[in-house]
Amino acid sequence: MVAGAMARPVVAADLTEAQRLHKAGQYAKCIELTDQANQDGERSEAWVLLRIQSQLAVGQYADAQDSLKAGLIKFPTSIRLRWLGREV
């Protein structure tokens, strides 16, 4: 159980790094980090939002739509996802 508690800050640091990349305009790298988080089973709505925002920024509209659909399956009551979905 200690290992799980120690792994959490690393994920938070990765999310912070992904947000930094997005703000710096490095959208492709940000999308790569969101892919990795998804493969690692991360269940945070923030990762989905960041992925969609980055996909929209680089013109990956169909991918953003797919990410939105997948995100709404994981987080069906998310107001933030639904609000962002207006732009997709």
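**Salt bridges and cores**

Modeller: Arginine 51 forms a salt bridge with aspartate 35, with the closest N and O atoms 2.4 Å apart; a salt bridge here is a side-chain nitrogen of Lys or Arg within 4 Å of a carboxyl oxygen of Asp or Glu. Arginine 51 is in helix α3 and aspartate 35 in helix α2 (residues 27-39), so the pair ties together parts 16 residues apart in sequence. Helices (H or I, at least four residues) are DSSP runs, numbered from the N terminus. This is a predicted model: local features need pLDDT of at least 70 and side-chain atom pairs count only at pLDDT 80 or more, while totals for chains, interfaces and linings use all residues. Residues are numbered from 1 along each chain as its sequence is written, and side-chain values use heavy atoms, with hydrogens and water left out.

Biologist: How many salt bridges does the structure hold?
Modeller: There are three. Glutamate 45 pairs with arginine 80, the closest N and O atoms being 3.1 Å apart. Because glutamate 45 lies in helix α3 and arginine 80 in helix α5, this pair ties together parts 35 residues apart in sequence.

Biologist: Is glutamate 45 buried or exposed?
Modeller: Glutamate 45 counts as buried, at 18% relative accessibility, whereas arginine 80 is partly exposed at 48%. Buried means under 20% relative accessible area, exposed over 50%, and partly exposed in between (1.4 Å probe, protein chains only).

Biologist: And with which residue does glutamate 17 form a salt bridge?
Modeller: With arginine 20, at 2.7 Å between the closest N and O atoms.

Biologist: Changing topic, which residues make up the largest nonpolar core?
Modeller: Its nine residues are Val48, Leu49, Ile52, Leu56, Ala64, Leu68, Phe75, Leu81 and Leu84. Such a core is a set of buried Ala, Val, Leu, Ile, Met, Phe, Trp, Tyr and Cys residues joined through side-chain atoms within 4.5 Å. Two or more residues each come from α3 (45-57), α4 (61-74) and α5 (79-85), and α3 gives the largest share, four residues.

Biologist: What is leucine 81 in contact with?
Modeller: Leaving aside neighbours within four places in sequence, leucine 81 is in contact with Glu45, Val48, Leu49, Ile52, Leu68, Gly71, Leu72 and Phe75. Contact means heavy atoms within 4.5 Å.
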